[in-house]
Amino acid sequence: MIIAERKPLNEIIEMVTDAKRILVLGCRGCVTVCSAGGEREVEILASLIRLGKMKAGQQCEVIEATLVRQCDKEYVDSIDQWDGQYDAIVSMACGVGVNFIANLRPCDKVYPGVNTTAFGGSAEQGVWSEQCAGCGDCVLHRTGGLCPVARCAKSLMNGPCGGSVGGRCEIHQEVPCIWQSIHDRLERTGKKADMDRIAPIRDWSTAGHGGPRKTVRNDLTV
Ligand code: SF4
Ligand code: SF4
């Protein structure tokens, strides 16, 4: 899932300084699962904005709503029901949702209520860890299912770098050296010879450094 965390309140309050009617908009997708931008977080942020505005001596009405998803036109179009009732939207979806609203509602002011941090999963209660960087050319078949792009501090395609100590990454000692983990997994699964295969020079054009990427499924287009 996409992981996010709420922006600091003072940043959000500053974004909406001029707004007198604010639509705080959550999303029932990933941000609900990682407790950053679902119904509960909308309620909390809306209350904090009301209090912040009151303390600043500013009048403000806050509408609370949560869409099924903010990355689908079908649901974003339902914002029409609040037309004329707000002068700014604080989206608590990931950056995709904020972009979708900006694309579909050219005259609306839309602000991000969260910082989108990674693609990952729940590691333990209240902790999420990055697992994939969406590089567009997955190599997990060669690396025992562990991602060297997202999980190696240097995104090495032919690791390890030689700096790890006791199986920990030399850059971030709180995490395992993922290349050590890849080695151990390949060994355990009888695929250790894969470590000796030199990965070819990587074409990073699929990885988002050359502008926005698009995925087209001809079998689904009309
Ligand atoms: S290799 Fe690329 S697509 Fe595969 S998990 Fe890593 S970042 Fe994601
Ligand atoms: S110690 Fe391991 S995870 Fe850290 S940068 Fe080197 S190869 Fe990558």
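**Reading the model step by step**

Modeller: Ligand 1 is surrounded by Cys132, Ala133, Gly134, Cys135, Cys138, Val139, Leu140, Cys147, Val149 and Ala150. By class, this shell holds nine nonpolar residues, one polar residue and no charged residue. Please keep in mind that the model is predicted.

Biologist: How many residues surround ligand 2, and which are the closest?

Modeller: The shell around ligand 2 has 15 residues, and the closest are Cys152, Cys161, Ser164, Cys169 and Cys177. Ten residues of that shell are nonpolar, three are polar and two are charged.

Biologist: Let us turn to the whole chain. How many helices and strands does the protein have?

Modeller: There are seven helices and seven strands. In sequence order they follow the pattern β-α-β-α-α-β-α-β-α-β-β-β-α-α.

Biologist: What do the overall dimensions show?

Modeller: The C-alpha trace spans about 65 × 45 × 25 Å along its principal axes. The radius of gyration is 22 Å, whereas a compact globule of 222 residues would have one near 17 Å. Of the 222 residues, 29% count as buried. Among contacts between residues at least 6 apart in sequence, 56% join residues at least 24 apart.

Biologist: Which residues of H3 are buried?

Modeller: They are Glu41, Val42, Leu45, Ala46, Ile49 and Lys53. These residues cover an arc of only 135° around the axis, which puts them on the same side of H3. They pack against strand E1 (2-6), helix H1 (9-15), strand E2 (21-27) and strand E3 (61-67). The face turned away from the buried side carries the exposed residues Arg40, Met54 and Lys55. Just after H3, Gly57 takes a positive phi of about 70°.

Biologist: Which backbone features deserve attention outside the helices?

Modeller: Ser35, in the loop between helix H2 (30-33) and H3, has a positive phi of about 55° although it is not a glycine. Ser155, in the loop between H6 and H7, likewise has a positive phi, near 50°. A cis peptide bond, with omega about 0°, joins Gly159 and Pro160. Pro160 also lies in the loop between H6 and H7.

Biologist: Is Cys94 buried or exposed?

Modeller: The idea is to count neighbours: a residue is buried if 20 or more other C-beta atoms lie within 10 Å of its own. Cys94 has 27 C-beta neighbours inside 10 Å and therefore counts as buried. Its place is the loop between strand E4 (88-91) and helix H5 (95-104). Leaving aside neighbours within four places in sequence, Cys94 is in contact with Ile2, Ala4, Cys30, Val31, Val114 and Thr116. Cys94 and Cys27 are 67 residues apart in sequence, and their C-alpha atoms are 8.6 Å apart in space.

Biologist: What does the count give for Ile171?

Modeller: Ile171 has 13 C-beta neighbours inside 10 Å and so counts as partly exposed. Ile171 lies in the loop between helix H6 (148-151) and helix H7 (178-188).

Conventions: Residues are numbered from 1 along each chain as its sequence is written. Chains are lettered from A and ligands numbered from 1 in the order in which they are written. This is a predicted model: local features need pLDDT of at least 70, side-chain atom pairs count only at pLDDT 80 or more; totals for chains, interfaces and linings use all residues. A residue is buried if 20 or more other C-beta atoms lie within 10 Å of its own, exposed if 12 or fewer, and partly exposed in between; C-beta atoms are placed from the backbone. Helices (H or I, at least four residues) and strands (E, at least two) are DSSP runs, numbered from the N terminus. The arc is that of the directions from the helix axis to the C-beta atoms. Two residues are in contact if their C-beta atoms, placed from the backbone, lie within 7 Å. A residue is near a molecule or strand if its C-beta atom, placed from the backbone, lies within 6 Å of it. Ala, Val, Leu, Ile, Met, Phe, Trp, Tyr, Cys and Pro count as nonpolar, Asp, Glu, Lys and Arg as charged, and the others, Gly among them, as polar. The radius of gyration is taken over C-alpha atoms; the globule rule is 2.2 Å times the number of residues to the power 0.38.
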